[in-house]
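Q: I have a protein model open and would like to go through it step by step. Could we begin with the overall picture and then turn to single residues?

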Amino acid sequence: MGNGENEFRRDRATPPAAATSGLNKVPPSMFGSRLSRIFGRFRSSIGMRLLAGVLLFSSVVTLALTVLQLYLEYEREVGVIESRLDEIGRSYPDSLGESLWNLDQNQLELQLKGILNLPDVQSVEIREIASRPNPVRLAFGQRATRSVIVRDFPLDYVMPPSGRRQIGVLHVEATLTEVYRQLLNKALVILASQAAKTFLVSFFILYLFHLLVTRHLAAIAEFVSGYNLARPPPPLRLDRRPPRDADELDKVIEAFNALCTSLQHAYGDLRQANVRLERDISVRQQAAEDVRQSEQRFRDYAETASDWFWETGPDHVFTYISERVDAFGVDRPSLIGKRRRIDLATDQAAEPQKWRAHMALLERHEPFRNFEYDHRDAGGRVHHVSVNGRPIFADDGRFLGYRGTATDLTKQREAEERLRQSQKMDAIGQLTGGVAHDFNNVLTVITGTIEILQGGLSDKPQLAAIAQLIDDAATRGAAITSQLLTFARRQPLEPREIEINSLVMETTKMLTPILGEHIEIATTLADDAWCALADPSQLSSAIVNLAVNARDAMPGGGKLTLETANVTFDEASASTDSELKPGQFVMIAVRDTGHGIPAEIRDRVFEPFFTTKGVGRGTGLGLSMVYGFAKQTGGAVRIDSEEGRGTSVKLYLPRAEGEPSHAAEPSFVPAAPRGRQETILVVEDDALVRGYVIAQLGGLGYRTLVASDSAAALALVDQGAQFDLLFTDVIMPGGMNGRQLADAVVTRRPGMKVLYTSGYTDDAIVHEGQLDPGLALLRKPYRKADLAQKIRESLGGG
């Protein structure tokens, strides 16, 4: 084992850096543990596969040789048994035949037992062949059905002069059980010895293979895996006793060390080439980065500095348009290389002088700014565009084209137009509201004095008829004033929760006699329509006005459809229209199949007194009343119309949170209830109205104190004047309106009753279209009965 240990120590193949002096001395006591580590290391290595192959092949060879040896042994043993049986056949039949002829049973038994005692004989039997009853039959031993060799020998007797005669049969059975047992024992011994030999030989082969091959392969793999071209280790050498002649491993190591040397030279050359390449790449990368940043800077400018950038060639045809133009519905590929700016314009015919001047400027190669024109996008919508441009010249002065920016001003122009329209409507509203205020004061005096005249002309029919005409005219004037106030959003509303479908159906019943039989009326009502918050009487009037306008648009007959639906506007929807607010609304649409509204007057249809009807066929206040009612209610109105295809007017009303309420049935009110000598402080700036009120209150049995403005009224209060009710106009000069006056009086005299009157309300007593809770208001113009009833209600009834 000494040489073996020394061989094991010296035949390890590792890199020189890994070799240590400690590996040169391994005590024999560590041999078993080292074998164990080696076996564990090579469980999944080439050595284990070699061991498995050796074991498999040895096992197959061992099994084949064992089977052959056992077969030969079996043949020999069977031959011995058959020879013994042949010997029985030669020795016993004659004596047994004679004893059988003599019927000497004792002799037969002795001879049969002698045969049975022979080796491997298991059973022996004699059967007499005779025609007499009860022939002789003797048997000894145990008969078997398998693993036996059977022989039958004839028993003859010589009978002169006839010769030999068979008188019986000797049946002998020899067992093979002992033969099989011996063969099994021999097989176990052979297999055990061969297995031990095979294992020892295989393990020894594995051990030798490890010493001579695998450990060196592992060392080579370790050296290769840790090889560093930047810091190369010393050349690889095998840690073993050098053989007399170089073997295959020495040749592998020599070739590998030569390869490493070649790699080192190549690596040095490669490093130098990489240094040069890195310098070149760095320069190129910097140049590419500069180009990329320049392009990205241009793209950022193109996408953020303006709506879009453009370039044209010397023929003014587009050669480049930035991608942002796609957001404005423009088909960019259809323009580049094919179209000029003038080819896109839709206002050439309307403004030829502008375009001639622009094209002349382009031909002179001059810069331009804020040139505005209209063009139509791919969807047919007209856009208003403002462009800036400057000419581009080559180094040699050659004209290359134009480069510039473009801005879409469509939304800005639309917003400006909506603002102008809103400002115009507000201005008209303020004007009409002021006119209505003064007109209501006049109508209050007219309607009141007409009642007095009518009472004194009962016996003069002709004058009474004239007075009635004046009364009818005043009533019509009051209705026009009410419509003006509704447009101006100065009409006090009494909104409540309305079940929209029910109101539309009730209003529809009134439309048939109004519209005529040539108009077909249909309804499309949402089953789940929400309740709306609005003044029901004003809403009914709005629907009737829309229906009457629709009738006038269908002189030859047609179809009118009333529709309800629930609509929700989010922030995005509301942002597209300044008059819409985010929230939930109930939509009422009135659609007709009439001739439609021309585009040029569509934006003016809500203006008061604007009408396309003939003279004497309308006041032009129907749609303006609808517009003012919708705005004062907190909703909106939208109109969609196209010539020849009808008109649709959509009224949006805010959704009510509560359940619909039902107004109480009006109870019978006695005409002109009289006073009981109560004193009323009348504050009215209009002298005519003030005189009319004093006369009427006096006729109704009231005493009056009179003031023309708030200052005079407060002076009376401060002087201690006693009165039971403050009856004040809302709109008055002097810096203090009626609401402020009432608050000052109530502060001085808590519990004082107040009745307001006005033909034009502002935010003093009306907020968000609703009269402030707890306030009493008598609207101008009013009649004597209205005045008497409201005064009694304010004083507490009775």
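Q: How much of the contact count comes from residues 24 or more positions apart?
A: Among the contacts with a separation of 6 or more, 67% are between residues 24 or more positions apart. Please keep in mind that this is a predicted model.

Q: How many helices and strands does the protein have?
A: There are 19 helices and 23 strands.

Q: And what share of the residues is buried?
A: Of the 798 residues in the protein, 39% are buried. The accessible surface comes to about 44400 Å², and carbon and sulfur atoms account for 55% of that surface.

Q: Which residues touch the most other members in the largest nonpolar core?
A: They are Ile500, Leu539, Leu560, Ile588, Leu651 and Leu653, in a core of 35 residues. Several elements give two or more residues to this core, including α12 (500-515), β14 (583-592) and β16 (647-654).

Q: Which element gives the largest share?
A: That is α13, with eight residues.

Q: Let us pick Leu651. What is it in contact with, leaving aside neighbours within four places in sequence?
A: Leu651 is in contact with Leu539, Val586, Met587, Ile588, Val626, Phe629, Ala630, Ala636 and Val637. There is also a second, separate core of 26 residues, and Leu85, Leu96, Leu108 and Ile115 are among its members.

Q: Now the surface. Which residues form a nonpolar patch there?
A: Phe57, Val61 and Leu65 form one, with about 310 Å² of accessible area together. Val61 lies in helix α3, which covers residues 46-91. Its relative accessible area is 34%, so Val61 counts as partly exposed.

Q: Which residues does UniProt list as a transmembrane region?
A: The UniProt record, an unreviewed entry, lists residues 50-72 under that heading. In the model, this stretch is 100% helix and 0% strand.

Q: Which residue does UniProt list for "modified residue: 4-aspartylphosphate"?
A: The unreviewed entry lists Asp729. This residue is placed in strand β19, which covers residues 725-729.

Q: Is Asp729 buried or exposed?
A: Asp729 is buried, because its relative accessible area is 0%.

Q: What about Phe727, where does it lie?
A: Phe727 lies in strand β19. With a relative accessible area of 2%, Phe727 is buried. Leaving aside neighbours within four places in sequence, its contacts include Ile680, Val682, Leu755, Thr757 and Leu787. The C-alpha atoms of Phe727 and Glu684 are separated by 8.5 Å, while the two residues are 43 residues apart along the chain.

Q: Changing topic: where is Ser123?
A: Ser123 lies in strand β1, residues 121-128. It is buried, at a relative accessible area of 2%. Phe140 is 17 residues away in sequence, and its C-alpha atom is 5.8 Å from that of Ser123. Not counting residues up to four places away in sequence, Ser123 touches Leu116, Phe140, Gly141, Gln142, Arg143, His171, Val172 and Glu173.

Q: How many salt bridges does the structure hold?
A: The structure holds 26 salt bridges. In one of them, the side chains of Asp120 and Arg84 meet at 3.3 Å, N to O. This pair links distant parts of the chain, as Asp120 is in the loop between α5 (105-116) and β1, and Arg84 is in helix α3, 36 residues apart. Asp120 is partly exposed at 22% relative accessibility, and Arg84 is likewise partly exposed at 22%.

Q: What does Glu178 form a salt bridge with?
A: Its partner is Arg181, and the closest N and O atoms are 2.0 Å apart. Both residues lie in helix α6 (residues 177-225), three residues apart, which is about one turn of the helix. Glu178 is partly exposed at 30% relative accessibility, as is Arg181 at 43%.

Q: Which residues are linked in a network of salt bridges?
A: The network links Glu125, Arg127, Arg137, Arg143 and Glu173.

Definitions and conventions:
Residues are numbered from 1 along each chain as its sequence is written. This is a predicted model: local features need pLDDT of at least 70, side-chain atom pairs count only at pLDDT 80 or more; totals for chains, interfaces and linings use all residues. Side-chain values use heavy atoms; hydrogens and water are left out. A nonpolar core is a set of buried Ala, Val, Leu, Ile, Met, Phe, Trp, Tyr and Cys residues joined through side-chain atoms within 4.5 Å. Buried means under 20% relative accessible area, exposed over 50%, partly exposed in between (1.4 Å probe, protein chains only). Helices (H or I, at least four residues) and strands (E, at least two) are DSSP runs, numbered from the N terminus. Contact means heavy atoms within 4.5 Å. Patches are made of residues with over 30% relative accessible area and no salt bridge: like charges are joined within 9 Å, nonpolar side chains (Val, Leu, Ile, Met, Phe, Trp, Tyr) within 5 Å. Accessible areas come from the Shrake-Rupley method with a 1.4 Å probe; for residues, only the protein chains shown count as cover. A salt bridge is a side-chain nitrogen of Lys or Arg within 4 Å of a carboxyl oxygen of Asp or Glu. UniProt positions are given in the numbering used here, feature names are shortened, and annotations may be inferred rather than shown by experiment.
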